[in-house]
Amino acid sequence: MTSPPLDCVIVGAGPAGLTAAIYLARFHLSVTLVDAGHSRALSIPRTRNHAGYPKGISGADLVSRMRQHAEQFGATLTHAAVLRVQAEQDLFLVHCPSFVLSARTVLLATGVVNNRPPMAPEQHDAAVAAGLLRYCPVCDGYEVTDQQVGVIGTGAHGVDEASFLRMYSRAITLISPEGGHALSPEQRLKLEQLGIRAVDGPCGELRTDGPRIVAPTSAGDLAFDTIYPALGSVIRSELATDLGAAATADGSIEVDAHQRTTVRGLYAAGDVTKGLDQISHAMGEAGVAATTIRNDLAQDRPLVR
């Protein structure tokens, strides 16, 4: 006998996907969350700006707690990669390597992937765990207060990130990833006024040296307490765009005020949409998305016990 379609399949088990799973399960809806295990949250060594954890919490611990929370109320969590999502009449078919799920709605919480600086993978992961390499100044800029900080980047994005970090430390260096800096006269003036040093690239392969991280540059090897790559990211929005959902020029999925995409029955929340890449923001969007899914489903059939 063919199983009835699920009320919702969630793709991605980071803070957004798990928050939505908790909400939907507590609405007494049938929900399966499919995840390949690549949430950026898992790489956070310790976050100290997530409300309710004054001593901080690791990303892996937070995700583990949220998984337990979702499963406690009946959400099903499945480890698999989603290959594609297919729209068929009033349902969606979610294709994974060894199975296919059918659902009335789909919520994409697929997030983004950071563009990494040149560094051996094992050294990269160890540097992130040690706080020598950081990706989110909003999350952990406080932790680098008064430290020697390097920023790898150029242009508007690099200047903005270096300028943001300047409120934490006087010792900020902006390193071009390749060749000379792509900076306008106004951007150079801004750096000069803020006392931010600009160093031309190319930036060679990063390495750790005891408690410091070293960036080979045109000015020689520069050692820092921490380095922030300002190299952008790849937005995991292809499952939506393959269905014809609208996206911004940078690839963020376009949603309305209730997290609906331009495809009926398809929703998105978290870093895959345009907005602040923060756990709290992703969780807020997920709560809105899950409640919208419940209300939209109730338009098609009564949701009663």
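Trainee: Where does Asp 35 lie?
Mentor: Asp 35 lies in strand 2, residues 31-35. Strands are DSSP runs of E with at least two residues, helices are runs of H or I with at least four, and both are numbered from the N terminus.

Trainee: And what am I looking at?
Mentor: This is a predicted model, where local features need pLDDT of at least 70 and side-chain atom pairs count only at pLDDT 80 or more, while totals for chains, interfaces and linings use all residues. Residues are numbered from 1 along each chain as its sequence is written, and side-chain values use heavy atoms, with hydrogens and water left out.

Trainee: Back to Asp 35. Is it buried or exposed?
Mentor: Asp 35 is buried, and it has no salt bridge. Buried means under 20% relative accessible area, exposed means over 50%, and partly exposed is in between, using a 1.4 Å probe and protein chains only. A salt bridge needs a side-chain nitrogen of Lys or Arg within 4 Å of a carboxyl oxygen of Asp or Glu.

Trainee: Which side chain of opposite charge is nearest to it?
Mentor: Arg 67, at 4.9 Å. For charge, Lys and Arg count as positive, Asp and Glu as negative, and His and the chain ends are not counted.

Trainee: What does the side chain of Asp 35 reach, then?
Mentor: It reaches the backbone nitrogen of Gly 37 at 2.8 Å. The backbone nitrogen of Ala 13 also lies 2.8 Å from a polar atom of the Asp 35 side chain. Leaving aside neighbours within four places in sequence, Asp 35 is in contact (heavy atoms within 4.5 Å) with residues including Gly 12, Thr 78 and His 79.

Trainee: Which sense does strand 2 pair in with strand 1?
Mentor: Parallel, over 4 bridges. Two strands pair if DSSP finds at least two bridges between them. Within this pairing, Cys 8 stands opposite Val 31.

Trainee: How many residues of strand 1 are buried?
Mentor: 6 of its 6 residues, which are 6-11. Strand 1 also pairs with strand 6 (residues 100-108), in the parallel sense over 5 bridges. There, Val 11 stands opposite Leu 108.

Trainee: New topic. How many salt bridges are there?
Mentor: The count comes to 13 salt bridges. In one of them the side chains of Asp 7 and Arg 104 meet at 3.1 Å, N to O. That pair links distant parts of the chain, with Asp 7 in strand 1 and Arg 104 in strand 6, 97 residues apart.

Trainee: Are those two buried or exposed?
Mentor: Asp 7 is buried, at 6% relative accessible area. Arg 104 is partly exposed, at 28%.

Trainee: Which salt bridge does Asp 300 make?
Mentor: The side chains of Asp 300 and Arg 264 meet at 3.5 Å, N to O. Asp 300 is in helix 8 and Arg 264 in the loop between helix 7 and strand 16, so this pair ties together parts 36 residues apart in sequence. Both Asp 300 and Arg 264 are exposed.

Trainee: Last one. Why does Leu 83 count as exposed?
Mentor: Because its relative accessibility is 57%. Leu 83 is found in the loop between strand 3 (76-79) and strand 4 (84-88). Leaving aside neighbours within four places in sequence, it is in contact with His 95, Cys 96, Pro 97 and Leu 239.

Methods
A polar contact is a pair of N or O atoms within 3.5 Å; within protein, one must be able to donate a hydrogen and the other to accept it, and residues adjacent in sequence count only if both atoms are side-chain atoms.
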